[in-house]
Amino acid sequence: MSELSRRRMLVSGGTLGALGALSMASPAHARSLMNWTWAPSGSVAGSGAGADPRWVWDEEADPLLASLLDRGAIPEVNRLLWDWERNDQPLPAGLPRDLRAFIEKARQLPSWADRSKLEAAAEFNKSRGLYLNLLNGVGGGMLSTAIPKEARAVYYSKGGADMEDRVAKTSILGFAVGSLNAYRPDGSCMVNSVKTRLVHAAVRHLLQQSPHWGGDIPISQNDMLVTWHTLPTFAMRKMREWKVPITQAESEAYLHVWQVTAHMLGIKGEYIPATWDAAEAQSDQVLPPAMGPTREGVELTDILLGQLAEQTSPGSVSRPLCNALARYLVGDEVADWDEIPREPFWGAAVRTAWPALVKFREGLLPLPLVPEAAWALDEAARQYILFYLTKGKETKIDIPVVNRPE
Ligand code: HEM
């Protein structure tokens with residue numbers, strides 16, 4: 001069996017295909033399957049086959065998107081889905097029947113979704129919006145460029161050629177998750193998560209045709225878990241490190257909105273952590289081996305930080321400040337992989353000013369004790385959020401039909 005057919009079979013067969021293919025997989029693959037020790041008993045599903053998520057993708061969406069791409073149906077699908085925005089909005093007429101059936105199922109909340117927790121999460125996202133947007137946007141962004149598989153997937157897919165548009169599109173989902181009406185009928189989280197699931201399935205098909213993509217099928221369940229931990233798990237760890245007061249109900253609610261989002265993105269219930277303890281354990285298992293430097297990641301980081309500097313405060317001070325802030329958020333090891341320059345002045349200023357700003361915002365530090373640099377950071381964070389809120393309103397998530405142009 002050719003490598004391509006084996007991959008196709010894996011995609012179309014999902015978990016079963018992956019297990020079945022083990023007999024012909026390399027011993028290294030077989031060993032790695034045994035290495036997956038995170039117990040499905042710690043998941044929202046409570047049980048599962050325990051299959052290694054590195055060899056599981058999305059068996060419902062992947063064959064569908066491959067077929068839609070091969071049939072040349074995507075441009076019309078994108079046109080029809082352009083104005084499909086609200087959670088409660090019926091699908092437009094004219095969609096291919098197989099896609100309509102898929103979306104009608106995929107847009108449903110999981111049976112375990114808890115409306116009251118989702119409401120509490122929305123309040124939490126509102127009150128901690130500044131930290132969360134910064135952590136998920138700048139922090140998550142800088143972490144993702146230090147994940148070789150993700151950096152290369154982003155670089156060689158269509159969006160890699162226009163990072164401003166790409167970040168604006170990604171932040172559509174980020175802002176949707178963080179908005180007050182995220183999963184209410186008038187919100188847009190269900191729609192944007194399902195659209196993202198379709199985009200990921202298209203990328204799995206397209207990237208394998210890229211001459212630059214030598215690896216396995218991209219965006220496995222494991223890859224998605226890795227990215228997921230760079231979002232809520234990383235943000236929660238950082239907020240705890242900064243001593244942001246968070247109640248038990250708030251932290252459970254925040255986890256819940258991301259559990260639901262994981263499900264909506266196509267992550268299987270048996271891999272979605274049920275508790276923060278389970279999430280921490282899973283993060284420690286999947287994140288460290290998935291991280292490291294790449295040429296593509298370094299280039300993407302430079303583009304992202306250049307854009308951040310331009311948007312926050314044009315002028316000579318802004319890039320060093322952004323470098324320092326990014327390094328502060330992700331730490332020296334990741335910053336070195338991303339080749340984020342060290343900034344002696346701003347580095348020291350951010351290390352003092354940011355915790356003071358957090359304390360001030362939480363009512364734990366009086367105004368006169370807040371160092372001047374804190375206001376530059378506060379302003380930079382606000383400008384950053386405003387820029388992508390505005391940009392995100394000008395664009396929508398749509399399904400790519402090509403990879404990055406040569
Ligand atoms: C597209 C979010 C995991 C690679 C997108 C989009 C969003 C998103 C919102 C649509 C925006 C766009 O089209 O540019 C997420 C979230 C993830 C996740 C929340 C996990 C929780 C991953 C992983 C990879 C990946 C693990 C790769 C290893 C991509 C690529 C695109 C994409 C290549 C398409 C870019 C293009 O248009 O060419 N993702 N993603 N994503 N994502 Fe993800």
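Predicted model: local features only at pLDDT ≥ 70, side-chain atom pairs only at ≥ 80, totals over all residues.
The axes of helix α8, residues 148–156, and helix α14, residues 295–312, come within 8 Å and cross at roughly 65°. That makes α8 roughly perpendicular to α14, and the crossing is left-handed. As background, a pair of packed helices is described by the angle and the distance between the two axes.

Which residues meet there? From α8 they are Pro148, Ala151, Arg152, Val154 and Tyr155, and from α14 they are Glu296, Gly297 and Leu300. By class, the residues of this contact divide into 5 nonpolar, 1 polar and 2 charged.

The buried residues are Lys149, Glu150, Ala151, Arg152, Ala153, Val154, Tyr155 and Tyr156. They pack against α7, residues 129–144, against α10 and α11, against α13, residues 276–290, and against α14.

Next, the ligand. There are 24 residues around the ligand, and those that come nearest are Ser157, Gly159, Lys169, Leu173 and Thr227. The elements that give two or more residues to this shell are α8, α9 at 163–178, α10 at 189–207 and α11 at 221–241. The shell divides into 12 nonpolar, 6 polar and 6 charged residues.

Glutamine 307 is partly exposed, because 17 other C-beta atoms lie within 10 Å. Leaving aside residues up to four places away in sequence, glutamine 307 touches Met163 and Glu164. Between glutamine 307 and aspartate 338 there are 31 residues in sequence and 16 Å in space, C-alpha to C-alpha.

Lysine 243 has phi near 60°, a positive value in a residue other than glycine. Where is lysine 243 found? It is in the loop between α11 and α12, the latter being residues 248–264. Lysine 243 is exposed, with 12 other C-beta atoms within 10 Å.

Glutamate 339 also has a positive phi, about 55°, although it is not a glycine. Its place is in the loop between α16, residues 332–337, and α17, residues 344–361. Glutamate 339 counts as partly exposed, with 14 C-beta neighbours inside 10 Å.

Methods. Residues numbered from 1 in each chain as written. Axes fitted to C-alpha atoms, helices over the stretch in contact; angles between N-to-C directions. Helix = DSSP H or I, 4+ residues; strand = E, 2+ residues; numbered from the N terminus. Parallel < 35°, antiparallel > 145°, perpendicular 65-115°, else oblique. Left-handed = near helix turned anticlockwise from the far one by under 90°. Contact = placed C-beta atoms within 7 Å. Nonpolar A, V, L, I, M, F, W, Y, C, P; charged D, E, K, R; others polar. Near = placed C-beta within 6 Å. Buried ≥ 20, exposed ≤ 12 C-beta atoms within 10 Å, placed from the backbone.
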